[in-house]
Amino acid sequence: SFLKFIAKVSKPSFNKSNQQLLQRLDSLVEQTINNEPEYKEIYSYDDKRNMTQAIAYGWDINTNAWFAWSKYNITYNSSGNYTQSIAYEWDSDTASWVAKDKMDFTYDSGGNLTQEIIYHWDSNTNDWNARFTFDCIYDNSWNMTQLIFNGWDSNTNSWIAYSKSDHTFDATGNMTQRIVSDWDKNTNLWVTYFKADYSYDAAGN
């Protein structure tokens, strides 16, 4: 996923003596077993050390040169949370970046992700088409009690529920139960297909 990708490539480097943030990865290059170039990524950051762009390149063995492949453009809010990511692919015919997918992120006052909306670029209408959304609900202790996955219905121009995951927590914030359900559009009811109960010892393990 996008968030896992960003977490992997934006891991900071620290000085072991004082644990102060020194730098972030500016590029990543992969080689074949014969030590020949194969793939690389170039990263850009803002003045707060947030990654704002990641560009991927492939190696052309015929021209012995790098060619652009794909890129992410990333924006943040004042708290440093991702607010938008746009994915592009390189069009060699037009020598330009072509939008592919977009993700918008919304947060609550506690900095918890409350919604992620995924869009796909429609080259026919030159506009973003909504595709999926993830909606998160939290309790007063900021535990995620529900995650709902919805899909966009272009016929009704509305979101349709697909599935959800309900979570229960104890007083210390440990998840004690998880129930996963699918939406049955014929009965307009949630149908449970997975349930798990969790227990912990006195140390919370």
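The following legends describe close-up views of a predicted model.

**Figure 1. Lining of the largest pocket.** The largest pocket has a volume of about 310 Å³. Its lining comprises 19 residues, and Ser 70, Lys 71, Tyr 72, Ala 87 and Tyr 88 are those that lie nearest the centre of the pocket. At least two lining residues are supplied by each of the strands β4 (37-45), β5 (51-60), β6 (65-76), β7 (82-91) and β8 (96-107). By residue class, the lining of this pocket divides into 11 nonpolar, two polar and six charged residues.

**Figure 2. Salt bridge between Lys 100 and Glu 89**. In this pair, the closest N and O atoms are 3.2 Å apart. Lys 100 is partly exposed because its relative accessible area is 34%, which falls between the limits of 20% and 50%. Glu 89, at 39% relative accessibility, likewise counts as partly exposed.

**Figure 3. Nonpolar surface patch including Tyr 193**. Tyr 193, Phe 194, Tyr 198 and Tyr 200 make a nonpolar surface patch of about 400 Å². Of these residues, Tyr 193 is found in strand β14 (residues 189-197). Tyr 193 counts as exposed because its relative accessibility of 54% is over the 50% limit.

**Figure 4. Positive phi values at Ala 95 and Asn 157**. Ala 95 is a residue other than glycine with a positive phi, near 55°. The loop between β7 and β8 contains Ala 95, and this residue counts as exposed at 52% relative accessibility. For Asn 157, also a residue other than glycine, phi is positive and near 50°. Asn 157 is placed in the loop between β11 (144-153) and β12 (158-169). With a relative accessible area of 56%, Asn 157 is exposed.

Definitions and conventions: Residues are numbered from 1 along each chain as its sequence is written. This is a predicted model: local features need pLDDT of at least 70, side-chain atom pairs count only at pLDDT 80 or more; totals for chains, interfaces and linings use all residues. Side-chain values use heavy atoms; hydrogens and water are left out. On a 1 Å grid over the protein atoms alone, a cavity is a set of points where a 1.4 Å probe fits but cannot get out, and a pocket is an open set with protein on both sides within 12 Å along at least five of seven lines; lining residues have an atom within 4 Å of a point. Grid points are joined across faces, edges and corners, and a volume is the space filled by probe spheres set on the points. Helices (H or I, at least four residues) and strands (E, at least two) are DSSP runs, numbered from the N terminus. Ala, Val, Leu, Ile, Met, Phe, Trp, Tyr, Cys and Pro count as nonpolar, Asp, Glu, Lys and Arg as charged, and the others, Gly among them, as polar. Patches are made of residues with over 30% relative accessible area and no salt bridge: like charges are joined within 9 Å, nonpolar side chains (Val, Leu, Ile, Met, Phe, Trp, Tyr) within 5 Å. Accessible areas come from the Shrake-Rupley method with a 1.4 Å probe; for residues, only the protein chains shown count as cover. A salt bridge is a side-chain nitrogen of Lys or Arg within 4 Å of a carboxyl oxygen of Asp or Glu. Buried means under 20% relative accessible area, exposed over 50%, partly exposed in between (1.4 Å probe, protein chains only).
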